[in-house]
Amino acid sequence: MAGHSKWANIKHRKAAQDAKRGRLYTRLLREITVAAREGPDSSRLKLAIAKANSENVPKDTIDRAVSRGAGGGDGVELHEIIYEGYGPGGVAVIVECTTDNRNRTVAEVRNAFSKNGGSMGTDGSVSYMFQTLGLIAVAQGVDEDRLMDLALEAGAEDIEIDTDGGFRVLAPPAEVEAVHQALVEAGMECATPEVVRLSETQVELEGGFVEKVERLLSSLEDLDDTQNVYSNAIFPDAD
């Protein structure tokens, strides 16, 4: 089992911010549209729909997003683009975008980096530091040994203790849905699974770098075409 989880710092928190700006639905539906291209049985599409359901996106809205992705939509073509770069203090940053205008998006991302003390990198400049994994949050109060046995048997790779006393189960993206199902069937309270990017190489921030990196990540998340922002920054615990 891994040690104390730094998950809250690795994937910059954005759910609450998204809800306030009214953009959460848009991001969820874009993910469904893109995932639907992989076919109705793709694990990515199933995860995207499950996430949308957990956020109470109306079923007919989800169905329309699936239809658009499957070729029955309005003709707007969405492109997935990943940008890489560095923030203040040498922090590695990955920005996942979905856009119908590549030129607009790259200009906005580049501007956010440059205005906040960062710089865009080339393809592969920081992505090698990150591993793509499926993640399932499990509520506190479960038996740790039983959780480990069930998760590993279902295909998980590791389990981390979370800061609130719960657990984070890590699995290959292709296996995360099966792991989640096994835990739910065993009566464990689990959050909707996600596929995320985690870095083993982390940068602990201190002093003025904390605010600078927070500002950069927030600026990137504020962009309309942004889906996810990841960094290897470790922020000081708030007292």
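1. Two strands pair if DSSP finds at least two bridges between them. In this predicted model, strand β1 (residues 79–86) and strand β2 (residues 92–99) are joined by eight bridges. The two strands run antiparallel.

2. β1 and β2 make a hairpin, with five residues between them. Gly 89 sits in the turn and has a positive phi of about 80°. Across the pair, Ile 81 stands opposite Cys 97 of β2. Glu 84 stands opposite Ile 94, also in β2.

3. What else does β2 join? Five bridges link β2 to β9, and this pairing is antiparallel too. Ile 94 has Tyr 230 of β9 as its bridge partner.

4. The open sheet has four strands. Their order is β3-β1-β2-β9, with antiparallel pairing. The edges are β3 (119–120) and β9 (226–231). Each has a single partner strand, so one side of each lacks a neighbour in the sheet.

5. Is β2 mostly covered or mostly uncovered? It is mostly covered: eight of its eight residues are buried. Ala 92, Ile 94, Glu 96 and Thr 98 point one way from β2. Val 93, Val 95, Cys 97 and Thr 99 point the other way. Both sets are buried.

6. Now the surface. Asp 143, Glu 144, Asp 145, Asp 149 and Glu 153 form a negative patch there. Glu 144 belongs to helix α7 (residues 144–154). Glu 144 has a relative accessible area of 32%, so it counts as partly exposed. A patch residue needs over 30%, and Glu 144 has 32%.

Notes
Residues numbered from 1 in each chain as written. Predicted model: local features only at pLDDT ≥ 70, side-chain atom pairs only at ≥ 80, totals over all residues. Heavy atoms only, no water. Patch = residues over 30% accessible without salt bridge, like charges linked within 9 Å, V, L, I, M, F, W, Y side chains within 5 Å. Areas by Shrake-Rupley, 256 points an atom, 1.4 Å probe, with all protein chains shown as cover. Salt bridge = Lys/Arg side-chain N within 4 Å of Asp/Glu carboxyl O. Lys, Arg positive; Asp, Glu negative; His and termini not counted. Charge placed at Lys NZ, Arg CZ, Asp CG, Glu CD. Buried < 20%, exposed > 50% of the residue type's maximum accessible area, 1.4 Å probe, protein only.
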